[in-house]
Amino acid sequence: MFRNYLKIAWRNIVKHRFYSAINIFGLTVGMTCCFLIFMFVRFELSYDTFHRKADQIYRVSTDVKTPTELIRAAITSAPMGPAMKADFPEVLNMVRVNAASWLIQQGDNKYQEDKVLLADSSFFDVFSFRLLKGNAASALRAPFSIVLTERAAHKYFGDADPMGKSLLIEGEYSATVTGIMKDVPANSQLDFDMLASMSTLTKALQPGIDEQWGNFGMGTYVVLPPGADPMQLERKLPAFMESHIGDMMKRGSMYYTLRLEKLTDVYLHSTREAPVKGNLSNIYIFAVVAAFILFIAIFNFVNLATAKATERAKEVGVRKSIGAFTSQLTLQFLCETILLSLLAFVLSLVCCQLLLPAFNALVGKEIRTYVFDRAGDLYYFFGTAVAVGLLAGAYPALILAAYKPALVLKGAFGRSDKGLSLRKCLVAIQFVTAIILIAGVTIVYRQLAYMHQQPLGFKKEQMLVMDFTGVRNLQTSWPDMKQRIARLPGVERASFSSSVPGEGQSSAYTLIENKAGDMQPSNINLYSVDYDFIQQYQVKVIAGRAFSPAFASDSTAALLVNEAVVSSLGYAQPQDIIGKRYSQWGREGRIVGVVRNFNYRSLRAEVEPLTLRLEPRDFDVLSLNVSTAGIPATLSALEQAFTQLAPERRFSYYFLDEAFDRQYRTDYRFGRLILLAAILAIIIASLGLLGLISYIVTQRTKEIGIRKVLGASVINLLLLLSRDFLKLVMIAMLIATPVAWYVMHRWLQDFAYRIHIEWWMFLLAGLGAVVVAMVTVGLQSVKAALVNPVKSLRTE
Amino acid sequence: MIQLKHISKHYPVGFGKNAVLDDIDLTIHAGEFVSIMGPSGSGKSTLLHILGLLEEPSGGEYLFEGEPVHKMSEKKRTQLHRGSIGFVFQAYHLIDELTVYENIETPLLYKNVPSSERKSRVADVLDRFNIVAKKDLFPNQLSGGQQQLVGIARAIVAEPRVIFADEPTGNLHSDQARVIMQLFKHLNETDKITIVQVTHSEQNAAFGHRVIEIRDGKIR
Ligand SMILES: Nc1ncnc2c1ncn2[C@@H]1O[C@H](COP(=O)(O)OP(=O)(O)O)[C@@H](O)[C@H]1O
Ligand SMILES: [Mg+2]
């Protein structure tokens, strides 16, 4: 019996190639999207779950309460972790990590390694990264021990065995390779190319840091016993801090509260800033979009199948008259849809595999190399395919199986309007989805363009930024270096600073005299700059003056602030703050000027208070105004000059505008994904429409012929056939607009600087849908309307 | 075998109803070959469908092999379709997607006949109707007469006790019609299958034992 079903199913698929192709194509696209996004979501949810003790590991983070604000940091200071382990027996183990960027040299190989992680020797006990060579317990014990990932090992040593070999760090220190480990999995919140022993820092580079409770910078992870309640430990932590540094906290009026976050929650759920961070709401959006696309494909299926149900009516009648149960017929028709969806399933697995590299590139990470990397997922995929077949087939199968044989066989069976309203409903939902997606894409791209074009309050064009991190003697010889570089042809102007817009900055505990005359403390962002920075970046000074060599005290006592500082201290006018006292990081003096707010961070956030001071000690980058002509020549001249100035370093540079836009990388990525989804949704929906309209047209061929004979014009007929669909699109527009408005309004809330949603965006989306519908319906209708009526009438 | 008492049938039309059959009394004994005749629209097909359990009468009582039909469950009726009743239609109503062989085999599949027996029974029927050569063709590759032969083959393959045929030769020319009629006669005489056919032709009716005239929903 079953074979008989399959046979019929297959022959039907082949016989109605056009409809089968539409259905299979739609389902394949839908499932491919679904599976890819499933893999993406699964990947995002899998962060850090590969550690054996994943359920026992907690990240320790710090809430820093200053008199004015609460800073929620993801890091701790160096002594906190060891003290917790010493004080609490339930802290079974602890590891501290600290990110570093080192210049590493091996023979002639020299690279700036941005992803070095310093870690305590307990690292391999706490985490389950796989050590291939070396001793897990001791590899990270001695200062200047290095554990290389396979990738890094290959980079420096090729195929030779690196164990025991030495590497030169920052051109000064010799370190020994004590271990080789597997590359870090892509789904790890700790991302590094090599590990260095924490003792390198605590014993050699920064001795004494182990006693500095107020010096933040380390990530700390603790291991609790299986099943332990982290809250129980967390409740004991305030007393713990009080006992260790109660006095210090009171004196500085900075209070630290330690918090525990489950390791596996950190990536997606933590609200604290981190270099590797997921976005839960994007995951939701993707999941919903994937479901949308799949459902659009399913709706096509239901639509076409119910529309064509009449054609199968005879078969139903005959089968019933020779003894088929209704349930057997239902099963038979379900078999067909499931067969179709399994065909699409196989195709979509192939598509997934072919598209995986492109998809990895699109989401910006290697979520997996082969679709079958996790064999278990195949069950989910298969289950989805069967469920799709059932969902798509259930309604048509029920309609079909319910036909009364007597009616059908007597031929009293004309065109059935059964399921017509359902069909209209499904088409409307498809258009609602399409319109929401089009509107979403429009708004996302407008916002991206807006962020790209929005004046930021500083000059970012033709600005080349050179990395001077770790260059020796920079603190003293920077004026000379700057001069030598500024003299090069193609370079118009240069200035040193600790950071440039878009690249993050440090912050410092600062006291500034407020309106009431009190020294008001707060944690304020800080740029260390030279005399030319303000002018070169064309940041506007709106009160007082910029730094100037003419004032000898500027290099030790002057401070510039931005407008945000002025208002946070309660001053009404920028002029009011000029001459007020401040104290910051070992420096005291007066405020000499106020600069207009410039967006030194992404437009997602409001401009925060910022102070600027002259501090050559902190210089890390050199910004250059370069002329657009002859950039390659300028670059090679720069490289040459740099290599002479700092032979131990590597020349590296970037263009400021590109780097600034890179902050929106995930937003651009999001935009591209939504755009893709919208295009796919529209293609599938219009294919469905095409199938439906061509079926309707064949059914109404005779009517069209008669109408033509009676004098209807092609336009009349076009209207006749497309009126219903246009009405549906209009209704869809009415439903989609508020939904899209709400969703996109929410999405825009993440941006401090954002576009206004305007009515034309929805109109555009609606018109887009109308055009697509008109083209699809119109072509078919015109074709039908142009047929010579004699032809269609004679066939009857 | 078949006993109709005061059977009536009407269809709803707008707010009223359209009476098609009115107070029909009819008895057909096992082994009979009956022809139903009457003008178009007089209710012949409706009567045949009621007899064949495809439609329910609006009133009256119908005993099939002594059992009241209106008390039968859906399942029981389907069981009768599988084993006791065969249908032959004017428009053949073969399943277009199945070959000749598969069309004939389908009733046996529903009856859960084991594979080997299925094969031999289908082969027997093919042989008997001289259509072995056609067994792998699809219905649209056959002439009308051949299609009707397949239709009849499908009706008898499950060895029913009664065949209901609704204008089985209506779409055929007279030579083909005669072949079909002789086949019915043969089935009736040697296989003892009861046959009830609707026909417009006196010649065809002459193959049977008895003619029932229907006019305006009543037997004359
Ligand atoms: N399902 C139905 N609904 C409404 N009227 C029907 C239906 N089936 C048959 N009729 C009507 O019943 C009458 C008898 O039909 P039918 O039994 O097919 O006649 P015959 O087979 O004798 O030509 C016709 O007038 C027909 O229009
Ligand atoms: Mg009839």
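**Salt bridges and burial in a predicted model**

Author: B:K185 and B:E189 form a salt bridge, with 3.3 Å between the closest N and O atoms. This is a predicted model, in which local features need pLDDT of at least 70 and side-chain atom pairs count only at pLDDT 80 or more, while totals for chains, interfaces and linings use all residues. Side-chain values use heavy atoms, with hydrogens and water left out; residues are numbered from 1 along each chain as its sequence is written, and chains are lettered from A and ligands numbered from 1 in the order in which they are written.

Reader: Why is the pair B:K185 and B:E189 called a salt bridge?

Author: A salt bridge is a side-chain nitrogen of Lys or Arg within 4 Å of a carboxyl oxygen of Asp or Glu. The closest N and O atoms of B:K185 and B:E189 are 3.3 Å apart, so the pair meets the rule.

Reader: What separates B:K185 and B:E189 in helix α6?

Author: About one helical turn, because they are 4 residues apart in helix α6 (residues 174–190) of chain B. Helices (H or I, at least four residues) and strands (E, at least two) are DSSP runs, numbered from the N terminus.

Reader: What makes B:K185 partly exposed?

Author: Its relative accessible area is 33%. Buried means under 20%, exposed over 50%, and partly exposed in between (1.4 Å probe, protein chains only). B:E189, at 42%, is therefore partly exposed as well.

Reader: Is A:R649 buried or exposed?

Author: Buried: its relative accessible area is 5%. A:R649 forms a salt bridge with A:E170, with the closest N and O atoms 3.1 Å apart. That pair links distant parts of the chain, 479 residues apart. A:R649 is in the loop between α19 (631–645) and β23 (653–655), and A:E170 in the loop between β8 (166–169) and β9 (173–181).

Reader: How do you know that the radius of gyration of chain B agrees with a compact globule?

Author: The radius is taken over C-alpha atoms, and the globule rule is 2.2 Å times the number of residues to the power 0.38. For 220 residues a compact globule would have a value near 17 Å; chain B has 17 Å, so the two agree.
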